[in-house]
Amino acid sequence: MSKRKLTIGLALVALAVGALVAIQALAADLHGPHVGSYCDGPGDWHFVNTQTRGADAGTLTVTFADAGTLVVGPSQVNHNNQHFDISGPSGPVTAASTNLPGRLVLSDLDCGPDCVPSSSKELNCSDGIDDDCDGYIDCDDVDCDGNPACDDPCVPTGPEVCTGGIDEDCDGDIDCDDYADCKNDPACAPS
Ligand SMILES: [Ca+2]
Ligand SMILES: [Ca+2]
Ligand SMILES: [Ca+2]
Ligand SMILES: [Ca+2]
């Protein structure tokens, strides 16, 4: 290899290393405290990358735990900042970065309405969710009246008392129907 070719080769390597360093410098990672942000439902995510002297339109790469990695271009390019919008994922955001210099923040996260109805009535009376978004959850919703999940559990208060209409010992048999306990009780003697 001639000395000239070697010189050109070294120059190219130096250029490549320089370009790599430049590329690495052009990367803003999401502001640490904003990593892990999430919504309970679909969210509107608004990221802003700020550069002191501006830059050409960049790209934002975001990884959501529930939606994988998304790459988007800016919705707005201003002199000193670029805005990126993503609608849908609930998060949490596990990582985000741009190929731009400066600082990247999650500027705004709109989680939308707190309740999204999955049904026109309370369908599941024991899942802890307000299915129809009427403000009443499970057994507190009149839609669940009569649902077995909403029967009050029997709390034993002592041995069966053979009058009064209460199943004191919670064995399922009330008063004289509780034969084991009331068969000899005068209140249950055949008339
Ligand atoms: Ca429910
Ligand atoms: Ca409800
Ligand atoms: Ca009983
Ligand atoms: Ca009783």
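Me: A helix here is a DSSP run of H or I with at least four residues, and a strand is a run of E with at least two, both numbered from the N terminus. Where is the place of Cys 133 in these terms?

Reply: This is a predicted model. Cys 133 is in the loop between strand S8 and helix H2, and H2 covers 179–182.

Me: How many helices and strands are there in the chain, and in what order do the elements run?

Reply: The chain has 2 helices and 8 strands. From the N terminus on, the order is α-β-β-β-β-β-β-β-β-α.

Me: What makes S1 and S7 a pair?

Reply: Two strands pair if DSSP finds at least two bridges between them. S1 and S7 (residues 93–98) are joined by 2 bridges and run antiparallel, so by that cut-off they are a pair. One position in this pairing is Asp 29, which stands opposite Ser 97 in S7.

Me: Which sheet holds S1 and S7, and why is one side of S1 left without a neighbour?

Reply: S1 and S7 belong to an open sheet of 4 strands in the order S1-S7-S3-S4, with antiparallel pairing. S1 (28–29) and S4 (68–72) stand at the edges of the sheet with a single partner strand each, so one side of each has no neighbour there.

Me: How do you know that S2 and S6 pair?

Reply: By count: 7 bridges join S2 (residues 44–50) to S6 (residues 81–87), and the cut-off is at least two. The two strands run antiparallel. Facing positions include Phe 47 opposite Phe 84 in S6, and Thr 50 opposite Asn 81 in S6.

Me: What joins S5 to S6, and what do they form?

Reply: S5 (residues 76–77) and S6 pair in the antiparallel sense over 2 bridges. In S6, Gln 82 is the bridge partner of Val 77. The two strands form a hairpin with 3 residues between them.

Me: What is the order of the open sheet that includes S5, S6 and S2?

Reply: The order is S5-S6-S2-S8, with antiparallel pairing. S5 and S8 are the edge strands, each pairing on one side only.

Me: Which residues have the most contacts inside the largest nonpolar core?

Reply: The core has 14 residues, and those with the most contacts inside it are Phe 47, Leu 60, Val 62, Ala 96 and Leu 104. S2, S3 (60–64), S7 and S8 (103–110) each supply at least two of its residues. Ala 96 touches Leu 30, Phe 47, Leu 60, Thr 61, Val 62 and Leu 104, leaving aside residues up to four places away in sequence. In soluble globular proteins, nonpolar side chains tend to be buried together.

Me: Why is Pro 89 called buried?

Reply: Pro 89 has 21 other C-beta atoms within 10 Å. The cut-off for buried is 20 or more, so Pro 89 counts as buried. Pro 89 is found in the loop between S6 and S7. Residues it touches, not counting those up to four places away in sequence, are Gly 43, Phe 64, Asp 66 and Ala 67.

Me: Which peptide bond is cis, with omega near -10°?

Reply: The bond from Gly 91 to Pro 92. Pro 92 lies in the loop between S6 and S7.

Me: Why does Cys 133 count as partly exposed?

Reply: Cys 133 has 16 C-beta neighbours inside 10 Å. Exposed means 12 or fewer and buried means 20 or more, so 16 falls in between, as partly exposed. Cys 133 also has a positive phi of about 55°, although it is not a glycine.

Me: Why is Asp 175 called partly exposed?

Reply: Asp 175 has 19 C-beta neighbours inside 10 Å. Buried needs 20 or more, so Asp 175 counts as partly exposed. Asp 175 is placed in the loop between S8 and H2. Its phi is positive, about 50°, although it is not a glycine.

Me: How many residues does the chain have, and what percentage of them is buried?

Reply: The chain has 191 residues, and buried residues make up 16% of them. Of the contacts between residues at least 6 apart in sequence, 56% join residues at least 24 apart.

Technical notes:
Residues numbered from 1 in each chain as written. Chains lettered and ligands numbered in written order. Predicted model: local features only at pLDDT ≥ 70, side-chain atom pairs only at ≥ 80, totals over all residues. Core = buried A, V, L, I, M, F, W, Y, C linked by C-beta atoms within 7 Å. Contact = placed C-beta atoms within 7 Å.
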